[in-house]
Amino acid sequence: MPLIKIEEIAPGVRLGLWHVTETPSVFFDLYPHLLVHKHVTDAFRSEARCTEYLAVRALLFQMEGDGVQIFHDGNGKPLLSNGSEISISHTRGYVAVIVSPTRCVAVDIEYVSERVGRVASKFLRNDENAVSLHGQLLCWCAKETVYKLFSADKLGSHDIRISPCELTGDTGVVNAENLKRHVSLDIHYSMTDKFMLTYAVYEAGNL
């Protein structure tokens, strides 16, 4: 079982990370309760999409226990049946989930590749200085995290400003501004040779 970690990153906030190496049949063998989702996974054309879907729910089981279901609101934001806040992200071979019973949370994970450099001009603002590939990936992930956190705001990439857009180490914090609301918040990041992961924790009363 390639569970990488489940850690408390702030009071009442837990982040889980899973390296997806299983096949769907392995997931069903290890987690028989996931068989209720088989009608959903059978409709997927891609096995990778199927295993990501099952990995999210296996990770959620590890974090929240049995019987907790995922729903979505009108903006596509995931919700949990137990009332906790949740955010989900997946990329090539990895799944990340963040949950909190009391605070708003968001997470994004993206695999490292040069593709982000090819589209950097589409999501970077003129006042964002992301020169390196890793800096551009950080900016992309941070913006995705803010977009998820403020899903009701329907933010575009230029409605979000990230500074600085370059890494100061394998882990760190950058500032993000929701320019529609004129509010700022911290985005935490963690970088490996495989992926960039970013997350945010925000007080529920401020949304």
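Which residues are linked in a network of salt bridges? Select Arg-125, Asp-127, Arg-161 and Glu-177, and you have that network on screen. A salt bridge here is a side-chain nitrogen of Lys or Arg within 4 Å of a carboxyl oxygen of Asp or Glu, and the structure holds twelve of them.

Before going on, note that this is a predicted model, in which local features need pLDDT of at least 70 and side-chain atom pairs count only at pLDDT 80 or more, while totals for chains, interfaces and linings use all residues. Residues are numbered from 1 along each chain as its sequence is written, and side-chain values use heavy atoms, with hydrogens and water left out.

**Stop 1: Glu-177 and Arg-161.** Zoom in on this salt bridge, where the closest N and O atoms are 2.9 Å apart. Glu-177 belongs to strand β9 and Arg-161 to strand β8, so the pair links distant parts of the chain, 16 residues apart. Helices (H or I, at least four residues) and strands (E, at least two) are DSSP runs, numbered from the N terminus. Glu-177 counts as partly exposed at 22% relative accessibility, and Arg-161 counts as partly exposed at 23%. The classes are buried (under 20% relative accessible area), exposed (over 50%) and partly exposed in between, with a 1.4 Å probe and protein chains only.

**Stop 2: Glu-128 and Lys-143.** Next, select this salt bridge, whose closest N and O atoms are 2.9 Å apart. Because Glu-128 lies in the loop between α5 and α6 and Lys-143 in helix α6, the pair ties together parts that are 15 residues apart in sequence. Glu-128 is buried, with a relative accessible area of 7%, and Lys-143 is buried at 5%.

**Stop 3: Ile-162 and its core.** Leaving aside neighbours within four places in sequence, Ile-162 is in contact (heavy atoms within 4.5 Å) with residues including Glu-128, Lys-143, Cys-139 and Val-174. Now show the largest nonpolar core: of its 28 residues, Leu-149, Ile-162, Leu-185 and Ile-187 touch the most other members. Helix α6 gives the largest share of this core, seven residues. Such a core is a set of buried Ala, Val, Leu, Ile, Met, Phe, Trp, Tyr and Cys residues joined through side-chain atoms within 4.5 Å.

**Stop 4: Gln-136.** Finish in helix α6 (residues 133–149), where Gln-136 has its place. Is Gln-136 buried or exposed? Gln-136 counts as buried, at 12% relative accessibility. Its contacts beyond four places in sequence include Phe-123, Leu-124 and Cys-165.
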